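Dear colleague,

I am passing on the structure that follows, together with some notes on what was found in it. Please read the notes with the structure open beside them.

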Amino acid sequence: MTAVVVEKPHQLRIGESRAETPGAGEVLVRVRRAGICGSDIHIFHGTNPFAKYPRVIGHEFAGEIAAVGPGVPGFSLGDRVVVDPVVACGHCYPCRVGRPNVCANLEVMGVHRDGGFRDHLVVPAANAVAVGDLPFEVAAMAEPFSIAANVLERTGGAQATDTVLIYGAGMIGLTVLLAARLEGARCIVTDIDDARLARAAELGAARVINARRESVPEAMKTENDGLGPSLVIEAAGAPGLIDEATRVASPAGRIGLLGFTAEPTPTVQQEIVKKELTIAGSRLNRRLLPRVVVWFKTRRIDPRGLVTQVFPAADAQAAFDLIARDPGSTMKVQLSFE
Ligand code: MN
Ligand code: ZN
């Protein structure tokens with residue numbers, strides 16, 4: 001029985017995980033597969049502002065129902081589920097208006113409370129999403145894709161008429177690319193890493209731009225009848241991109257921000273007003289895992305190509321070492337809990 005614990009920054013420990021009894025409104029999940037995310041790496045390195053230690057990390061995990069608490073309809077033992085890690089109070093203003101991902105009392109599993117890198121954990125039944133017969137490897141990819149679903153929902157969705165510019169060809173940028181392509185939008189991806197850009201091209205980017213060699217604002221002058229992209233998604237997290245996004249966006253364009261940079265960056269308000277831009281921040285997801293599960297079940301999106309390595313959970317240290325040593329060789333690294 002295995003639990004991956006960050007004891008304190010830079011110290012990973014493989015601990016014990018025991019099956020607990022779910023209370024009212026809860027289910028016990030036997031975790032089978034879990035993905036390692038950039039935020040897990042940040043907690044390991046002590047650079048996540050929300051983490052407290054020691055912490056069982058992991059917020060991208062799927063498994064099966066091992067016990068059902070009193071008063072929980074709809075689940076049977078053995079049902080396959082993916083867990084939405086966003087736990088909200090249900091009472092505050094954002095919760096009341098359907099935005100639990102920015103709950104005033106937000107707790108994210110694996111960040112604010114112990115997460116899913118362990119064989120067993122009890123979660124609120126409302127956070128368990130049935131996945132039918134999806135393989136655990138696929139189901140565990142639902143949370144990263146929910147980030148894409150959320151930012152597209154916040155910016156009106158990517159339509160066939162859209163030209164979409166995505167900053168960043170990391171895991172999040174690629175999930176945005178796959179989700180934005182669903183309705184046939186033209187997608188352009190920019191990054192500073194050629195290997196990542198090659199992956200974006202393989203996944204259907206109509207155009208890739210290495211921002212080290214080519215000016216993105218200059219390149220955007222030929223897009224969308226010369227007006228620039230109608231939708232810009234910032235998934236690189238570099239300060240200053242909000243300003244560039246307002247300059248390259250088409251009039252009536254939308255901008256979705258995912259990067260969690262704390263650095264102040266100058267922007268020109270006139271640009272936003274003149275073009276009537278809509279700028280939306282996007283954090284985590286507002287109960288959108290069911291939507292992603294449909295994408296996977298109908299095979300409109302197959303996330304398997306993004307899973308580059310799988311390690312037994314007991315070898316989590318080796319997985320973290322690989323991501324630190326050779327990040328270019330990894331996209332999504334998963335842990336298996338057999
Ligand atoms: Mn994640
Ligand atoms: Zn709340």
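Cys37 lies in the loop between strand E3 (26-36) and H1, whereas Glu60 belongs to strand E5 (residues 60-68), so the pair ties together parts that are 23 residues apart in sequence; helices (H or I, at least four residues) and strands (E, at least two) are DSSP runs, numbered from the N terminus. Cys37 is buried at a relative accessible area of 18%, and Glu60 is buried at 1%, where buried means under 20% relative accessible area, exposed over 50%, and partly exposed in between (1.4 Å probe, protein chains only).

Please bear in mind that this is a predicted model, in which local features need pLDDT of at least 70 and side-chain atom pairs count only at pLDDT 80 or more, while totals for chains, interfaces and linings use all residues. Residues are numbered from 1 along each chain as its sequence is written, chains are lettered from A and ligands numbered from 1 in the order in which they are written, and side-chain values use heavy atoms, with hydrogens and water left out.

Turning to strand E3, nine of its eleven residues are buried, so E3 is largely enclosed by the rest of the structure. E3 pairs with E5 in the antiparallel sense over eight bridges, two strands being paired if DSSP finds at least two bridges between them, and within this pairing Phe61 of E5 is the bridge partner of Ala34. Ala34 also has a bridge partner in E18, namely Leu335, and E18 (residues 332-336) runs antiparallel to E3, joined to it by four bridges. With strand E9 (residues 120-124), E3 forms a further antiparallel pairing over five bridges, in which Val29 stands opposite Leu121.

In helix H1, the buried residues are Asp40, Ile41, Ile43 and Phe44. They cover an arc of only 160° around the axis, which puts them on the same side of H1; the arc is that of the directions from the helix axis to the C-beta atoms. Among the elements that cover these buried residues are strand E1 (3-8), strand E2 (11-15), E3 and H11, with contact meaning heavy atoms within 4.5 Å. After H1 comes Gly46, whose phi is positive, near 80°.

Three aromatic pairs were found in a search of the whole structure; rings of Phe, Tyr and Trp (its six-membered ring) pair if their centres lie within 6.5 Å, and planes under 30 degrees apart count as stacked, over 60 as edge-to-face and the rest as tilted. One of them is the edge-to-face pair of Phe44 and Phe320, at 5.4 Å centre to centre and 70° between the planes. Since Phe44 lies in helix H1 (residues 38-45) and Phe320 in helix H11 (residues 316-325), the pair ties together parts that are 276 residues apart in sequence, and both Phe44 and Phe320 are buried. Another edge-to-face pair joins Phe50 and Phe260, at 6.1 Å centre to centre and 75° between the planes. Here Phe50 counts as partly exposed at 32% relative accessibility, whereas Phe260 is exposed, with a relative accessible area of 58%.

With best regards
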